[in-house]
Structures are given as structure tokens and as C-alpha cells.
Amino acid sequence: MSEAAGWVFIIIGITFDLVGCIGLVRLPDIYNRLQAATKCVTLGTCMILLSVFFFVGLNSVGVKALLCIWFVLITSPTSAHAIARAAHRSGIRLWVGSVMDKYADDKEGTEDTA
Amino acid sequence: MTVILVLLLLCIFCCLYRVGKGPTAPDRTVAIDILGTLVVGFCAVYSIITKKDLYMNIAISWALVSFIGTLALAKYLEGRSFDE
């Protein structure tokens, strides 16, 4: 029972990892790539770690896997936000097909003095 | 389990392609960040196979160190120092 749940989660996780990496290769600019890659790989790796918990049960490996899920869930969106902000501030243009750029509109009125 | 490891290696090679080709520096930073997350998943699958907690220790420390490295690269790209 528990092993079957582990297989289900590990298949979901590896599917998300593959879709995220295909997005990382195929999408046109840095912001699109960041969106696809970060969402899919966070969910994919968290599902793989959860499947570790279902495979081995509640021992030292499983508890460390749950701890690692917590770390990945905290750190991955933070680093994605930092990269997106850094890319926008270092002047990388959006893809020509992009329809709006709210962050540039927001920055116009409140340009900081850094 | 071997199939899962091979598929993860395929993902890692996709990331390495983006590290090599990526036209701008943030592209390479994103690819390195995702590469770190994939290595965490690889260590997790390997700990299922061997049932040892050594590999989960590697996964946790890899996740934290890769987070700090990505933040440092993002701050560097932004052109700021670390205490701002």
C-alpha cells in the first residue's frame, strides 16, 4: 500500500521534472524559462522526496526527506524571485511577444536611490 | 528505479545545455539553480535504493548551499552589495 503510493508520487515527480526541463530548453526568454523551470522542478523534486517518505517509512531517511521538502519549499521561490528581480534590474528585455510589464510600470514612479 | 535515475540524468543534461547555450547570465543562473534541485532529487532516489540516510544528508546540505549560491549570484547580477 505504502509502496504503491510511493510509486505514484515518484512518477508524478519525474513527469513534472521532465516538463520543467523541456520548458527550460524550449521557452523564448528568461522570464518564461524561470516560470516553467521553477514551478515544475519545485513540485517535481518535492514529490520525489515525498515518495522517499512513503517508500522507507518513518525512520531517519523519511524524516530527513520531510525536512528537505520544507527547505526546498522555502528556498526555491525565494531564489526564483531574486533571479527575476536581478534580471529585470540588469536591463534584460522581455520577449517581443510579451503583452505587459507591470514591474517596469511600478518602478517608474518610485525609482529608489540605490 | 534505474529508469527514474536515467530520466533524471536526461533532465540534468537539458539543464547543462541551457548553462552552455543561455544567451544571458540570468539564464545560466536559473539553469544552475534547477540543476541543484535535480541533484537533490537524484540523491533522494539513490537513498531509496540503498536505504541509507547518508544520501539524505547530502541532499539537505546541497539544497541549502545551492540556495545561498543562487542568492549570491542574483545579488551580483543586480550590481549591489550584500547588506543592502
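In this predicted model, the backbone oxygen of Leu34(A) lies 2.8 Å from a polar atom of the side chain of Thr38(A). Thr38(A) belongs to helix H2 of chain A. With a relative accessibility of 10%, Thr38(A) counts as buried. Leaving aside residues up to four places away in sequence, Thr38(A) touches Ser76(A), Ala80(A) and Ile34(B).

H2(A) has 27 residues and spans 38 Å from its first C-alpha to its last, close to the 39 Å expected at 1.5 Å a residue. Of these 27 residues, 20 are buried, so H2(A) is largely enclosed by the rest of the structure. After H2(A) comes Gly57(A), whose phi is positive, near 80°.

The contact between the two chains draws on 42 residues from chain A and 44 residues from chain B. Leu24(A), Lys64(A) and Ile83(A) supply 14% of the area that chain A buries against chain B, more than any other three residues. Chain A and chain B together bury about 3700 Å², and 79% of this area is on carbon and sulfur atoms. Across the contact, eight residue pairs are in polar contact, both residues being at pLDDT 80 or more. Helices H1 (2-26), H2 (30-56) and H3 (60-89) of chain A each supply at least two residues of the side of chain A that touches chain B. H3(A) gives the most to this side, with 17 residues. By class, the side of chain A that touches chain B holds 28 nonpolar, eight polar and six charged residues.

Asp27(B) lies in helix H2 of chain B and Arg33(A) in helix H2 of chain A, so the pair joins two chains. Both Asp27(B) and Arg33(A) are buried.

Another salt bridge links Lys64(A) with Asp53(B), the closest N and O atoms being 3.0 Å apart. This pair crosses from helix H3 of chain A, where Lys64(A) lies, to the loop between H2 and H3 of chain B, where Asp53(B) lies. Asp53(B) is partly exposed, with a relative accessible area of 27%. The loop between helix H2 (25-50) and helix H3 (54-78) of chain B is also the place of Lys51(B). Lys51(B) has a positive phi of about 55° although it is not a glycine, and at 53% relative accessibility Lys51(B) counts as exposed.

A further salt bridge brings together Arg85(A) and Glu78(B), at 3.3 Å from N to O. Arg85(A) lies in helix H3 of chain A and Glu78(B) in helix H3 of chain B, so this pair also joins two chains. Arg85(A) is partly exposed, with a relative accessible area of 26%, whereas Glu78(B) is buried, at 14%. Salt bridges that share partners join Arg85(A), Arg89(A) and Glu78(B) into one network.

H3(B) has 25 residues and reaches 37 Å from its first C-alpha to its last, close to the 36 Å expected at 1.5 Å a residue. Its buried residues include Met56(B), Ile60(B), Phe67(B), Leu77(B) and Glu78(B). What covers the buried residues of H3(B) includes H2 and H3 of chain A together with H2 of chain B. H3(B) is followed by Gly79(B), whose phi is positive, near 80°.

Conventions:
Residues numbered from 1 in each chain as written. Chains lettered and ligands numbered in written order. Predicted model: local features only at pLDDT ≥ 70, side-chain atom pairs only at ≥ 80, totals over all residues. Heavy atoms only, no water. Contact = heavy atoms within 4.5 Å. Buried area = accessible area lost by both parts, 1.4 Å probe. Polar contact = N/O pair within 3.5 Å; in protein donor to acceptor, adjacent residues only side chain to side chain. Helix = DSSP H or I, 4+ residues; strand = E, 2+ residues; numbered from the N terminus. Nonpolar A, V, L, I, M, F, W, Y, C, P; charged D, E, K, R; others polar. Expected span 1.5 Å × (residues − 1). Buried < 20%, exposed > 50% of the residue type's maximum accessible area, 1.4 Å probe, protein only. Salt bridge = Lys/Arg side-chain N within 4 Å of Asp/Glu carboxyl O.
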